[in-house]
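This report looks at aromatic pairing first, then at the chain as a whole.

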Amino acid sequence: MRALALLAFAASCGSSDCPTFIGDPAQAPAIDMVTLDAAFAVHTAGDGSELALIRPPQGGKIVLVGARARNVCAGPIQVTGAVTDLCTGRVVGLESRTVLYVAAADGGVADVKEPAQISSYANVAVCPNNVAARDLDGEPYRVTVTIQDKLGRVAEKVITATPVCAEPEDERECRCTCRAGYANGDTCAGFPDAGPPVDCPADGGMP
Amino acid sequence: MRTLLLAAVLAGCGDPAPIGPDGGFQDVTNDPANTNGFQFATPVFDVPQSTEVQDCYFVNMPDLNNGQDYFVDRVRLGTNPGSHHMNVFRVKTIVNLGTPDQGNYVHGVNGQGECFKSGNWGDWPLVANTQISSASNPYLDWHLPSGVAYRFSPGERLMIQTHYVNASTQTTPYRGKVVVDLYHSQLTSPMEMGTVFATEQSIRVCQSNPTPSYHGTCAFKNGGVTIAAANGHFHSRGTEFDIFKWDGTSTTQPPAADRFYQSLTWDDPPMTIYANPSGMQVPQNGGIWWTCDYQWIAPSPESGGCDAVNARDKQMANDCCYTFGPIVETSEHCNVFLYYYPKVASSGDITCF
């Protein structure tokens, strides 16, 4: 009961530095990773999840990753998403942006103000990709989401997930431009017979 | 003599002489000493009040080496004041710009026309960019690092894009004109200059979220490259543009010691040339990390106010959000122009969107 009272107090009474704190300021911030699918539905992402590769207005293919957070200051939060090759350790896509967070309906979690908008998530561009050693479609990658609120409180979540081409009308083009070795401007005319996929190096290449 | 004397008296006393369309400013000109390279000059053109003019000119590189490829080791770009940017790209995939029926000139005004649509040059490698808009020194004159040069082929098609603004955030005091000089190098086997053109396109600078920061990364396929020059580009809401060397594996912003470029002036960003290559090598498997910081400001009534900004917002948030786009008054950019060497086949000219 005492803890609940503290939580409610913390959630409703902020300071000049943080008008609206969500959760318990005495606790470390924590996040659940979320992703937006091709139908703009939000899903919690964890190990083994699939991440939709979608075509954004800017072109190419991106995955959309973000966070629901606890014990953070609501308002503008910097959200960073990164996709890293498990084999080489190289980051194949990274984006960071400032997103507005508000108290979710239950009051205990900070969620993005506009959950159905792609601008509420890190737009991690992964295709075409000039450094990927493996296909981006259908292969597992390490996915990292980090948040930092205006108080400087930081939380991070790391999972292994698999980007997959998720828009049927675009699937062939997606699989072509997300294959290892594809370069901007290459033709997809010969795809999928353009060559075998590149396997993970035997030594893993992990740093 | 009498006439001259009268002119001298008139010039020294009484009403000032009428100011011509160039107000005494001498239009930029090609370098007469560039006798064996490539030269291009646009006509002089007007930029009416409350307009943004973006034109795309197409040219074919000349044959300077008996049908063989050749090199260019000095670039001189001149822009009359009022220039927002001038870009030179190598033409690759033709979408809706540079089609045969369009000829060599495509005109755009206030966001209308194919010359304004960046998807039309999505895979066109950057050659050069200047954002100088100075009456006192309207030229970018860049002697490439020793032993480094651009490679061109005879007949290779280039697109020269000019963008002039005469509105509230930027003005064109005289008339528009742009010149390009590319100097034929005598080097026979130089290291090739490569370029990176990187943009953050899914940006929003909104009234309810007025100080956003956007970060992106772009990696080189191989190591061993040296950064020769860099420039950033955003519009009037931009407050700070930084570029860092990045190790290619970290997911946190590199330390301040790795920052090699900073712009705090959106309308006169420093084209930073690194004369000393020491310390400009990119880590093996690394690349660059760049950041664009913004401060939302109310759009001017002359540019249409928030109604004009909201009309561009595909998200229809009605939050006066500036989004990615070429119109200086009502949209924003977050673009990196970077030059590096040696360009190798597996890296090439890089675009990161």
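Rings of Phe, Tyr and Trp (its six-membered ring) pair if their centres lie within 6.5 Å; planes under 30 degrees apart are stacked, over 60 edge-to-face, the rest tilted. A search of the whole structure, over all chains, finds 18 such pairs. Two of them are tabulated here.

| Pair | Geometry | Centre to centre | Between planes |
|---|---|---|---|
| Y57(B) and Y105(B) | tilted | 5.1 Å | 40° |
| W142(B) and Y339(B) | edge-to-face | 5.2 Å | 75° |

This is a predicted model: local features need pLDDT of at least 70, side-chain atom pairs count only at pLDDT 80 or more, and totals for chains, interfaces and linings use all residues. Residues are numbered from 1 along each chain as its sequence is written, chains are lettered from A and ligands numbered from 1 in the order written, and side-chain values use heavy atoms, without hydrogens and water.

Y57(B) sits in strand β2 and Y105(B) in strand β5, 48 residues apart. Strands are DSSP runs of E, at least two residues; helices are runs of H or I, at least four. Y57(B) is buried at 7% relative accessible area, while Y105(B) is partly exposed at 40%. Buried means under 20%, exposed over 50%, partly exposed in between (1.4 Å probe, protein chains only).

W142(B) is in strand β7 and Y339(B) in strand β22, so their pair ties together parts 197 residues apart in sequence. Both W142(B) and Y339(B) are buried.

Chain B has two helices and 23 strands. Of its 353 residues, 56% are buried.
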